[in-house]
Amino acid sequence: MKLVIHDLKQDEWGLLADCYPDARVISEDKPIQPCAGCFGCWSVTPGECVVKDGFHDMGVQIHRAEEIVVISRYTYGGFSGFVKNVFDRSLAYVLPQFEIVKGESHHKKRYAEDKPFTFIFYGQELTEAEKRSAWRYVKAVCTNIRGHVKNVLFREEMVPAAAGSEESRPVCPEVPTAAAPGKTVATGKMAFLIGSMRGIEGNSGKLAGKLAEYLKVAPAINELKRYLQDLPGLVKELEDAETLVLCLPLYVDGLPAQVIRFMESMEREYQGGLKKIYLLANMGLYESRQLVNLFGAVKQWSVKMGFSYGGGLGVSAGEMIGVLLDVLPYRFWVTKDVAKGTERLAAAICSGQRIEDIYVEPYAFPRALYNAIANSGWSRNAKAAGLRPRDLYRQL
């Protein structure tokens with residue numbers, strides 16, 4: 001059985017459905033909740049998401065499929081908001097523990113299998129650079145989700161028009177185009193957007209708090225989770241900010257789905273002037289270079305919006321860094337390079353200058369030790385949830 005994940009409208013899918021007889025189809029036919037970043041799918045209900053909205057068993061769906069076909073509008077180097085949401089909610093397909101694969105930290109397999117994925121991206125006039133971005137992104141996704149890329153295809157439109165048939169002419173979703181931004185308005189206002197569903201209490205929020213301490217102007221703090229049902233309202237809220245700092249976690253090798261939806265909304269709704277965009281990103285894996293796809297997505301979005309991208313700071317081992325920020329002075333030991341990067345990013349923001357992206361890892365803290373401590377912690381989490389450590393490896 002094939003599993004098809006797509007973001008097409010119902011009438012568009014109707015013209016393609018015969019190409020996938022007997023396939024299990026995942027589409028936005030009901031509301032989907034964003035991944036909360038709570039890790040409950042690993043330590044509370046292992047193998048399934050704790051949010052039972054009809055998309056809670058995506059890891060199981062992938063496991064039961066012989067092949068997965070993904071159809072998505074090309075969006076900032078990767079998936080559309082909905083398709084990315086499905087992948088964010090598929091985290092339970094792998095285990096929380098880390099292992100080294102081809103020189104990088106990745107999650108261990110829950111199931112002893114290697115699923116083939118075919119990705120079909122559609123969008124108007126995709127460039128060769130955009131196609132390479134998509135390839136890089138899906139290869140990273142499959143490496144982490146422990147499958148492999150069978151094929152990547154690109155289409156201008158998903159449903160080609162039948163010659164001479166007006167009824168069969170496709171109703172392809174329009175690729176959002178940005179409203180033409182006005183001139184830069186020197187308001188001096190600065191806004192932080194916390195893209196994590198954990199808000200200011202999460203690692204993204206904690207790192208944002210440290211960055212704010214280095215700035216001359218106090219930023220307005222906006223938590224994306226408070227605007228999920230009113231993204232146009234958030235766009236309006238950020239309209240007069242001259243500088244926007246995105247403070248984001250890495251979800252499945254890229255932007256969290258809720259951040260993509262916000263960016264899509266900005267393309268449709270934004271009527272303000274040019275902005276300077278800076279980025280503060282963090283991730284749980286050890287190698288900060290695995291943030292490259294997320295950085296690329298923000299850059300592509302900035303170009304589409306006509307904004308000026310000013311650079312960013314990528315922090316690895318975010319869970320550990322977040323804990324240590326509460327108990328150790330900044331710049332001490334493990335956080336030394338994070339603090340240096342924060343200071344450099346803050347200086348760029350204050351001066352409105354552009355810097356090269358900065359990628360940092362825990363200072364003087366070996367990867368093997370980090371992975372060992374992280375892996376052992378999941379047994380404690382299981383016991384705290386009333387589970388046996390072996391329950392974490394449950395297969396459904």
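## Contacts and overall form

Among the contacts in the protein with a separation of 6 or more, 78% join residues 24 or more positions apart, a contact being defined by heavy atoms within 4.5 Å. The model is a predicted one, in which local features need pLDDT of at least 70 and side-chain atom pairs count only at pLDDT 80 or more, whereas totals for chains, interfaces and linings use all residues. Residues are numbered from 1 along each chain as its sequence is written, and side-chain values use heavy atoms, with hydrogens and water left out.

The protein contains 12 helices and 13 strands, which are DSSP runs numbered from the N terminus (helices H or I, at least four residues; strands E, at least two). Its C-alpha trace spans about 65 × 60 × 35 Å along the principal axes. The radius of gyration is 21 Å, which agrees with the value near 21 Å for a compact globule of 396 residues; the radius is taken over C-alpha atoms, and the globule rule is 2.2 Å times the number of residues to the power 0.38.

## Surface and charge

Of the 396 residues, 57% count as buried, where buried means under 20% relative accessible area, exposed over 50%, and partly exposed in between, with a 1.4 Å probe and protein chains only. The accessible surface comes to about 17100 Å², and 52% of this surface belongs to carbon and sulfur atoms; the areas come from the Shrake-Rupley method with a 1.4 Å probe, and for residues only the protein chains shown count as cover.

There are 49 positive and 46 negative side chains, and the centres of these two sets lie 7 Å apart. In this count Lys and Arg are positive and Asp and Glu negative, while His and the chain ends are not counted; each charge is placed at NZ of Lys, CZ of Arg, CG of Asp or CD of Glu.

## Cysteines

With a disulfide taken as a pair of cysteine sulfur atoms within 2.5 Å, the count comes to 0 disulfides. Cys38 is in no disulfide, and its nearest cysteine sulfur, that of Cys49, is 6.3 Å away. Cys41 is likewise in no disulfide, with the sulfur of Cys49 again the nearest, at 6.3 Å. Cys38 counts as partly exposed because its relative accessibility is 47%, whereas Cys41, at 11%, counts as buried.

## Packing of helices 6 and 10

Helix 6 (residues 203–213) has as its buried residues Asn203, Ser204, Gly205, Leu207, Ala208, Lys210 and Leu211. These residues pack against strand 8 (190–194), strand 10 (243–249), strand 11 (276–282), strand 12 (308–315), helix 10 (318–327) and helix 11 (336–351).

In helix 10, the buried residues are Gly318, Met320, Ile321, Gly322, Leu324 and Leu325, and they pack against helix 6, strand 11, strand 12, helix 11 and helix 12 (367–384).

Gln258 is found in helix 8 (residues 257–269) and counts as buried because its relative accessibility is 2%. Leaving aside residues up to four places away in sequence, Gln258 touches Pro34, Gly195, Ser196, Met197, Leu224, Leu228 and Tyr251.

## Positive phi in two loops

Most residues other than glycine have a negative phi. Lys102, in the loop between strand 4 (94–101) and strand 5 (104–109), has a positive phi near 50° and counts as exposed at 84% relative accessibility. Trp333, in the loop between helix 10 and helix 11, has a positive phi near 55° and is partly exposed, with a relative accessible area of 40%.
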